[in-house]
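Visitor: I have a structure open and would like to learn how to read it. Could you walk me through a few features?

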Amino acid sequence: GSAQAEMYAGLQELGVANGEDLKETLTNCTEPLKAIEQFQTENGVLLPSLQYALPFLDLHGTPRLEFHQSVFDELREKLLERVSAIALEGKVEERYKKLEDLLEKSFSLVKMPSIQPVVMCVMKHLPKVPEKKLKLVMADKDLYKACAVEVKRQIWQDNQALFGDEVSPLLKQYILEKENILFSNDISFLQNFFSPSPKTRRQGEVVQKLTQMIGKNVKLYDMVLQFLRTLFLRTRNVHYCTLRAELLMSLHDLEISEICTVDPCHKFTWCLDACIREKFVDNKRARELQGFLDGVKKGQEQVLGDLSMILCDPFAINTLALSTIRHLQDLVGQDNLPRESPDLLLLLRMLSLGQGAWDMIDSQVFKEPKMEAELITRFLPLLMSFVVDDHTFTVDQKLPSEEKGPIPYPSSIPEAFTKFLQENRIACEIGLYYILHITKQRNKNAFLRLLPALVETFSDLAFSDIFLHLLTGNLTLLGDEFALEEFCTSLFDGFFLTACSRKENVHRHVLRLLLHLHHKVAPAKLESLQKALEPTKQSGEAVKELYNQLTEKLELRKPSPAEVAETPSMELPLPTVPTPASR
């Protein structure tokens, strides 16, 4: 067919006979057999010793094609080895000149499956493939597909749209993977979203593929960062910030100095990465991070946009928030005030920068957000007073009670706390982490006291996936409390169900929690929850699927009618009539 003709057309340019030539020879000759023999001699392998060997192979029934094919494969292997060797030997200009000549000669055969690997190999070793050849490759889907990534990089760096098409599915996959972890059916306080170490995360498929696509090419690296910024602005999805940091650190792992030295965030990210690994910002690293922030020079403020994106990575926020809670507890012990702790002030400064990332990149106004004095003088001392309340209560419980009776746990929340959670983003973030902290300590009293403040929070942060993922994990530690009506009413009716109907993700998280803990929940409560959580017509597939799983589990738990008859209900007054068995 014509494809076949096109494939071998290149041979004629090189003065090599092809099928068309043989056809012509046979059409215009008087003795076809003689003509074939002559064609074979002229176009066969020109080795004198073969003259006798070939008839011998014929006797053994080895087709000539098979012989030529094996010779050809052998030669191609040798040629591929030679090309790779040329790429490493001699003076730079000379070796590239050799390769360019080879490309010039062989490119016309690029469509021949047998020769294609050689042509591709030559291009792979050329740091600059001639523009004309790149255009031909780009125009042909199959050739483009067959290209080595080294050649594709040369095509991508001048074709942002094409590079975008390659990167886009990877970014989608990355976000999906993150969401799958947040909504995973395995709920545990031991293993959560933040458990994998930074190094483990960087081994992920998407990060590895992007690293491979970028190679040492600064232009491609910048393009990926531009995609990430754009998507972060468009969606507000913070996982893009994680990928920004992971990509830089993946290149750092490979010691790609061509890129690391030109990314102004490199050293800051490297230091922060070590903190994330330890889930704590120690004093030495705090000094180092502060040095970077203080060192941003006039005229370079734009780097703050990048640093803020690095700090907006949930893994960074998690580390900063956990460190903040730890500092607050230490301050209670030392009887110090938040404003007297430089380390704590630095943590808040970095939290502000991270939480302000979207606004900064959106407005393109690159200056650090102003820290609200109230946060330091009023909100943090409030949190410290909660820590003190817990200590006092614990001590009181241990003191011998005289006539005063047990002291109740403080149940009211200062109005200022609720207001801070509603109006101040940083206060809200730290407040939520404090609630995760007390839940992890199995401090039911403190949890129930502060829970009402979560119904209305700054931009609904208490209903965000990361917080709910962590909260559901920590709640498994309070599993036994789910048997108590009062606890369930506070948690479900007072918190979760207030948002279920307007927020699909909350609906999913409650169902995840119940799938895990249904056997702990009081039966009457479980029944009313099952009704309240029934999916509506608007509910998405994920909610319906979870609800069906829960229903199946509950069906399996229902005792059979026979069992029900046998178990007398404890609520009824016990019959006074003697039963036959007791006579």
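Visitor: Is H469 buried or exposed?

Guide: First, a word on the source: this is a predicted model, where local features need pLDDT of at least 70, side-chain atom pairs count only at pLDDT 80 or more, and totals for chains, interfaces and linings use all residues. Residues are numbered from 1 along each chain as its sequence is written, and side-chain values use heavy atoms, with hydrogens and water left out. Now the general idea: buried means under 20% relative accessible area, exposed over 50%, and partly exposed in between, with a 1.4 Å probe and protein chains only. H469 has a relative accessible area of 6%, so this residue is buried. Across the chain, 43% of the 583 residues count as buried.

Visitor: Which helix does H469 lie in, and which residues does H469 touch, leaving out those up to four places away in sequence?

Guide: Helices (H or I, at least four residues) and strands (E, at least two) are DSSP runs, numbered from the N terminus. H469 belongs to helix α27, residues 465-475; the chain has 32 helices and 0 strands. A contact means heavy atoms within 4.5 Å. Leaving out residues up to four places away in sequence, H469 touches I181, L182, N192, F193, H509 and R512.

Visitor: How much space lies in the second largest pocket?

Guide: On a 1 Å grid over the protein atoms alone, a pocket is an open set of points with protein on both sides within 12 Å along at least five of seven lines, a cavity is a set where a 1.4 Å probe fits but cannot get out, and lining residues have an atom within 4 Å of a point. Points are joined across faces, edges and corners, and a volume is the space filled by probe spheres set on them. Here the second largest pocket holds about 1,100 Å³. It is lined by 42 residues, and V238, Q355, R425, E429 and L461 are the closest to its centre. Helix α25 gives the most to this lining, with 6 residues.

Visitor: Why does the second largest pocket lie between domain 2 and domain 3?

Guide: Domain bounds come from an automatic or database domain assignment. Because domain 2 (160-368) and domain 3 (375-396 + 412-552) both give residues to the lining, the second largest pocket lies between them.

Visitor: What is the volume of the largest cavity?

Guide: The largest cavity has a volume of about 110 Å³. Of its 13 lining residues, A245, M249, D273, I276 and D313 are the closest to the centre.
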